[in-house]
Amino acid sequence: MAIMNRSHDVLRSRATVHETLPEGIRLGLIVGTATWLWVAVVDVVATGQPFHTFTALGGVLVVTLVHYLLNVTYGLVLLSAVHGAERTPSLIIGALFGLLLFEVAFAMLTIILAQSALGSTAWLAIFGGSVIGTAIAIALLARTHPLVAYLRRAEEET
C-alpha cells in the first residue's frame with residue numbers, strides 16, 4: 001500500500017495542466033523534423049544523392065507533407081494515450097505495445113522498400129529514422145510526464 005501511495009504522490013507532484021492537441025502537434029513536428037533530417041543526411045552520405053529516398057517514394061514535397069501529417073498524428077495519438085494513463089494506468093502498457101507494433105510495421109515496410117525502390121539504404125534511412133524518432137518521442141515524453149509512475153500504477157492494478 002505504501003508503494004501505491006508513493007506513486008500517486010509522484011503523479012500529483014509532477015501534475016501540471018497538459019493539453020493533448022498542442023503537445024501532440026509539437027511532439028509530431030519535433031519527431032518529424034528529426035527523422036526527415038536523418039533520412040536527408042543518410043541520402044547524402046550513403047548514396048551521394050540528395051533526396052534520393054524522397055524522390056523514390058514520390059517526390060520531396062509529397063513525401064514531406066505526408067511525413068509531417070503522419071508524425072503529427074503519431075504525436076497526438078501518443079499524447080492521448082499518455083494523458084489517458086493518468087486516469088487509466090493500463091493505457092501506458094497499451095501505448096508501449098503500440099510503439100513496439102509500430103516498429104515492427106516499419107521493419108516490414110523497410111523490407112519492402114529495400115527490395116524495390118531504395119535498396120539496402122532503406123534499413124539505415126527508414127528503419128533507423130523510425131528507431132531514432134521513437135527514442136526522441138520517449139525521451140521528450142519522459143521529461144514532461146511521469147511515465148515510470150504510470151507503469152508502476154498499471155502494474156499495481158494488475
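The largest pocket holds about 560 Å³ of space. Rolling a probe the size of a water molecule over the atoms shows where empty space is left. The details go like this: on a 1 Å grid over the protein atoms alone, a pocket is an open set of points where a 1.4 Å probe fits, with protein on both sides within 12 Å along at least five of seven lines, and lining residues have an atom within 4 Å of a point. Grid points are joined across faces, edges and corners, and the volume is the space filled by probe spheres set on the points.

Bear in mind that this is a predicted model, in which local features need pLDDT of at least 70 and side-chain atom pairs count only at pLDDT 80 or more, while totals for chains, interfaces and linings use all residues. Residues are numbered from 1 along each chain as its sequence is written, and side-chain values use heavy atoms, with hydrogens and water left out.

So what lines the largest pocket? There are 24 lining residues, and the closest to the centre are His67, Leu70, Asn71, Phe106 and Ile126. By type, the lining divides into 16 nonpolar residues, eight polar and no charged. Here Ala, Val, Leu, Ile, Met, Phe, Trp, Tyr, Cys and Pro count as nonpolar, Asp, Glu, Lys and Arg as charged, and the others, Gly among them, as polar. H2, helix H3 (52–56), H4, H5 and H6 each supply at least two residues of that lining, and H4 provides the largest share, seven residues.

Those helix labels come from the whole chain, which has seven helices and zero strands. Helices (H or I, at least four residues) and strands (E, at least two) are DSSP runs, numbered from the N terminus. Along the sequence, the pattern reads α-α-α-α-α-α-α. Of the 158 residues in the chain, 37% are buried, where buried means under 20% relative accessible area, exposed over 50%, and partly exposed in between (1.4 Å probe, protein chains only).

Leaving aside neighbours within four places in sequence, threonine 35 is in contact with His67, Asn71, Gly129 and Gly133; contact means heavy atoms within 4.5 Å. Two of those partners, His67 and Asn71, are also among the residues closest to the pocket's centre.

Now for the packing. The largest nonpolar core has 14 residues, and Leu27, Leu78, Ile92 and Leu141 have the most contacts inside it. A nonpolar core is a set of buried Ala, Val, Leu, Ile, Met, Phe, Trp, Tyr and Cys residues joined through side-chain atoms within 4.5 Å. Two or more residues each come from helix H2 (20–47), helix H4 (60–85), helix H5 (90–115), helix H6 (121–144) and helix H7 (147–157). H4 gives the most, with five residues. Another core, of seven residues, lies apart from this one and includes Trp36, Val39, Val42 and Ala125.

Zoom in on leucine 27: beyond its neighbours within four places in sequence, it touches Gly75, Leu78, Leu79, Ala137, Leu140 and Leu141. Alanine 137 is in helix H6 and counts as buried, at 0% relative accessibility. With neighbours within four places left out, alanine 137 is in contact with Leu27, Val31, Tyr74 and Leu78. Across the chain, 75% of the contacts with a separation of 6 or more are between residues 24 or more positions apart.

In H7, Leu147, Ala149, Tyr150, Arg153 and Ala154 are buried. Seen down the axis of H7, these buried residues fall within an arc of 160 degrees, so they line one face of the helix; the arc is that of the directions from the helix axis to the C-beta atoms. An α-helix has 3.6 residues a turn, so residues three or four places apart point the same way.

Last stop, the loop between H2 and H3, where you'll find phenylalanine 51. Its phi is near 65 degrees, a positive value in a residue other than glycine. Proline 50 is in that loop too, and is exposed, with a relative accessible area of 53%.
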